[in-house]
Amino acid sequence: MEENMGILENMGFIDRELNRQALTQAENDIVEAITFLTGPIFFNDDFVTFNEQRPTSIFTGSLTEDQIEQQQNITLDKTSNTSSNELPMETSASFTTSAFLDLENSVYRDKWSIPIKREENLGRCLLSATRLAVDGIADQDEHCKKFMEILIPAAFQKLQCSDPVNTWSTMVQLGIFDMMQLLVDLIAARLAYSPVPTQLLETLAILFDHDSVFQQKNKNRSYNGSHYDEQLGERLLAKSSSSTFSDSNENEQYGWLREIINRFVLKDGIQNLKRQFKSEKPLTALEYNALLSPFVQCMDYLFIDKYQQLFSEHVEEALNYVKNCKEEDYKTESASSIFELLTTLRKISSVVWENRVAQMEELHLNILLKMVNLSDFNAKMNSLKGLSKIIENPTSIPRDIVSKWIIEHSILSKVLEGDIDQIQYVEKARTFVDFIAPSMLKEDIEMIWKMQHGRSLATVDHLLSLIASAATKFNLEQLNCLIGFIDNSWKTETIPIKEKLIELLGAIGRGCQEDSAARVLEVLWDMAHEDRLHRSMLDHLLYCHLRVFSEGRSSYDELKRDYCLKCMTDLQRNQGWLVSALKHLYELLLHNPTNTFKRSEPDLISLLVHKHDVISALIRSLSTCQLDVWNKTHGHVTIDTLVDGRFTHQESIKTHLDLLSFLLKKGNLYLILKRSEELWDTLITNENASSFGRELGLNWFITCVEDFNRDSQLALFEKRVSKLDLTNLSPKGFECYKLYFARYNLERFRRAKRSSNVSNKSTLSNTPSSNINSSCVSEHSEPIAPIEDASPKLNYACMTLNDISTLESIDDLTTQQLQQILVHSYVSIAGCVEKSELTSKVKLLYRDEKQKKESNAKISKEDPNENLCKVCLDANIDCVVLNCGHLCLFGERPAERRKRLQNLISSLSDNEIPKILLAWYHDGPDELQTVRYWIAEYSLSRAKERIEKLKEYVAIPEVYRTANIQGLYREFTNHNITLQLIE
C-alpha cells in the first residue's frame, strides 16, 4: 500500500489520510482508488466524505519533496481539529454567479478549455446548483435555472459527443467522468420536485447513451462500483461485474456507464423520477418522453426485470396519454413530441415487451393517419414531420410495413391534397414522395399529374418539382408512363407550361440512372426536332439536353458520342435543323473531357475528323447554305436574313467557322491546303458570298492563321491572297493581306538564308527562280521561295521599296507591284483608281526614302551618334511621336542596358570611366524609408493577389482556358482599332 500511496502523492493527491481510505476501500487497486478520489463523494463502509474539502486541484502533476512535505503539514493542521470522517459540506444558499458568467462567456467558443477540475467554472456551478437543488430552490435563482436549462446541455454535448473526445488523454477522460458524476448528483436532486426538468433529463439520456463518443472511447473501462453493489443491494439497476451475462466479455465493457447508472439510483434518482409521474399537474408528451427516454440507449446493461417493475405502470400511463390525444393536440407545434414519445415507447418495448412492438407501430401509424386526414395545415405539417422521421430513421418502423400502410390507406393522395402552394409543406412532402416513388403505380402517377390542372403556376412548379424528385427513383416502366403524360400535355399546353415540362425532363435526366437518362435524352432530342418550334424553346431543350451530360458521369460518354454522330447526320442532311446541330455539336465537344474513351478507341474529335470527315462536311454545308440563301433572296442577302426561320445567315456562317476553328485547335490539327482553298473560295471569292460573310471569312483566316502549316500559308498567299484586288479591300481584307504577305516574306528570307549555306553543287541553288512558282506548291509538296541572283533583279513575286534601284524603273512596274510596295510601306491606297496615281505615290515614297538616307549619311559623318536612338543606342531614329500631351513609356531589358552602357563607356576617356562605375551610397531621409516600406507593402499585397488569381487560372482545365481565350480574341478582333504611326 505504501508504494501506491507514493504514486498517488506524486499524481497530486496530497491528502494521505484520504488516499489511505481510498486504497483500503479499493483493496489496494490504484485505478479504483483514483476513481473514488476524483468523485464528488468518497464512500466508506461507515461514513460518507464530501470531497469538496479536499485540495482544489484534481491533478497537480508530479510534486517535489518540499511541496509534498508542505502539503502534508497543511493537511495535518486541517485535520488536527476535525476528524477525517467528519468533513463538513459547504452550505452556501446562493448560486456561484461569477463562475456561471465566466462559463457562459466561454462555453460557446470553438476553442474551449476542458473543465476537468472541480475548482473550475463547470465544477463549481455543478456543486453550487446541487446544493440549491437539495434545498429545493434551484429554479428560484435566475442564473442557476439558466445554467441547468441552457449551459449544461451545451457543455455536456461537447464533452460527450464531439469528435475531439477521441484525442483527449486519460487524465482528461477521468476529469470528464468526474463532471458526469457531479451532473448525475444534480439531476437526481432536481427530480425531487416539480416541474419536470426536461433539459436536464435530455442531457442525462446523453450520459446514458452507450453510442456517444465518450462512452465509445471509454467502453473498455472496467466496472469499479463494488461500493454501489454493497449499498444498493436489491436496488441495483445496472449490471455489475459480479452479475451473470450472456456474453462472457460483456462484463468487461462500459464499466463507467454502469457506474453512473447505479450512482443515479443510489442518489435516489429513480425514486424522484417516479415521483414526477404523480405530479398534480397533468404531464405533457414532452415531459413523458423526457422521463422515459434516459434509459432507452442503455437497456442492454440493465436488469430488465427490475426495469419492468420500476416503469411498467408509467409506460402504460404514457401509452394511454397518446391514445387519448384529441384533434386539438395534433394541431399544435408540440405535436412532434407525441411522435417522439411513441418512438421512445417502441424502443422500450422492443427490449422489455417484445410482444407489444407491433401494437406500438400500429398506434404510431394510426395517429399519423388521423393527422393527415385533418384539413388543418398544422396537423398535416406535423403528420409529414412525423412520417419523415420514420422514413429517415432506419431503426424505426420497418420500411415494408410503412409502404404497405401508405398504399392501403391512400396516403399519397391525402398528402398531396394539402397546401402544395406552401413551400415548407412541399419540402416535407418531398421526403415522403421520394420514399414511395419506387412503389408508385400507373394510377398514382396519373393522379399526381392531373393535380396540376387548373392550379396556379406556383402550385404547378411545386407539383412538378415533386414529380421530378420522385421520377429519379422510377424504373424504366414508370418513367415511360410519366413520359406518356408529358407528351400528351406537350401537344396541348401553353408555352409557359411547355417550358416547365422541358425543365422537368432536364431535372429527371440529371438525377436518374443511365438507362432512364438515355430515355430522357431521346425525348428531349425528338422534341427539339419538331417543326415550327420557337428558337427560345429550342435553345432551352438543347440546354437541358446538354446539362444531362454535364454531370461528369463517365458512363455517359457512349451516349455523348452517339449524339455527336446524330449531329453529324443532321449536318450532312443540310436541312432545317443545320445550325442547331452545329451549335449542339460544338457544346458537346466543348464539355468533352480528354481521354474519355479507352486507349484502344479514338477520341471523339479524331473520330469525327478522320472517320466522318466533319471538316469537309462543314465546308460543303457552308457553300450550300450560302447558295440557298442567295437563291431565296435573289441576291439581296442582308445581315438579318433567316436561313431556317430561326437563325440568321450571319449566325449560320459564324457557327460553321467557330466549330471548324474549335476542331482544329482542340484536335491539334492543321487545315490542309485543299480545304483552305475551298473555304477561301466559298467565303471570299465566291460571287454568291455576302459582304458580312466575306468579312467573317477574312477574320477567320486572320485568327486561325496558326491552324495552317507554313507550306499551306505560303501556297495560300500565292494562290489566293495575293490575287486580291487591293484597291477595293476593306480594312479587314487589308489586315488579312498584310498578315499573309508578312509571313510569306519572312519564310522567303529564312529559306534564302538556308539556301546560301548549301554547297553551290546543290540542285536547289541551280534552280532558276522562274521555275519556282505557285505551281510548285501543292498540298503534299513543300514550296521553295525564289533565290535572288548576284546581279540586281526585280522580284516580281512580291515587291518592296528596297527592290527599286532607280526612279525611272518605277514606270516599268505593274499595277499589282505598285500596290504591294505601298501596302508594305503602310501607305493607304484607298481612292486610287488609275495606275498613274499609284506611280506618283511610289515615286514620292522613293524620293523621301532616298533623301532620308542621304541626310542620315551626312549626319553620321559630322556626329556618328547624332541620329542614334537614345533608348537602345543601337539603331538610328526612324520615327517620332507628336507632342500630344500623353505619357509615353518604354521598356528596357538587361541586354539593352548592357549595350547602352558599352556604347557609353566606349565614348568616355580613361579618367571618366571610374566615375560612373564607382559604387556609392549615402543615408536617405526617413521619409524615403517610409515611402519605400509603403511601396513594398502595396506591391506585395498586389503580387499575392496576382499569384492567387494565377493559381485559380491554372486550376481551370486547359480546354476551358483555351475556349475562353478564343472567345476573348474573337471579341477583340471584332473591334476596328487602328494604330497610326506618324513619322
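Which residues of H9 are buried, taking buried as under 20% relative accessible area, with exposed over 50% and partly exposed in between (1.4 Å probe, protein chains only)? They are Thr198, Leu200, Leu201, Thr203, Leu204, Ala205 and Leu207.

Before going on, the ground rules. This is a predicted model, where local features need pLDDT of at least 70 and side-chain atom pairs count only at pLDDT 80 or more, while totals for chains, interfaces and linings use all residues. Residues are numbered from 1 along each chain as its sequence is written, and side-chain values use heavy atoms, with hydrogens and water left out.

Back to H9, residues 198-207, which is mostly covered, with seven of its 10 residues buried. Helices here are DSSP runs (H or I, at least four residues; strands are E, at least two), numbered from the N terminus. The buried residues of H9 pack against several helices, including H7 (142-161), H8 (170-190) and H12 (255-266); contact means heavy atoms within 4.5 Å.

Now the rings. Rings of Phe, Tyr and Trp (its six-membered ring) pair if their centres lie within 6.5 Å; planes under 30 degrees apart are stacked, over 60 edge-to-face, and the rest tilted. That rule gives 27 aromatic pairs. One of them is Trp680 with Phe701, edge-to-face, 5.0 Å centre to centre and 75° between the planes. Trp680 sits in helix H34 and Phe701 in helix H35, 21 residues apart. Both residues, Trp680 and Phe701, are buried.

Elsewhere, ring pairs join Phe208, Phe264, Phe295, Tyr307 and Phe311 into a cluster.
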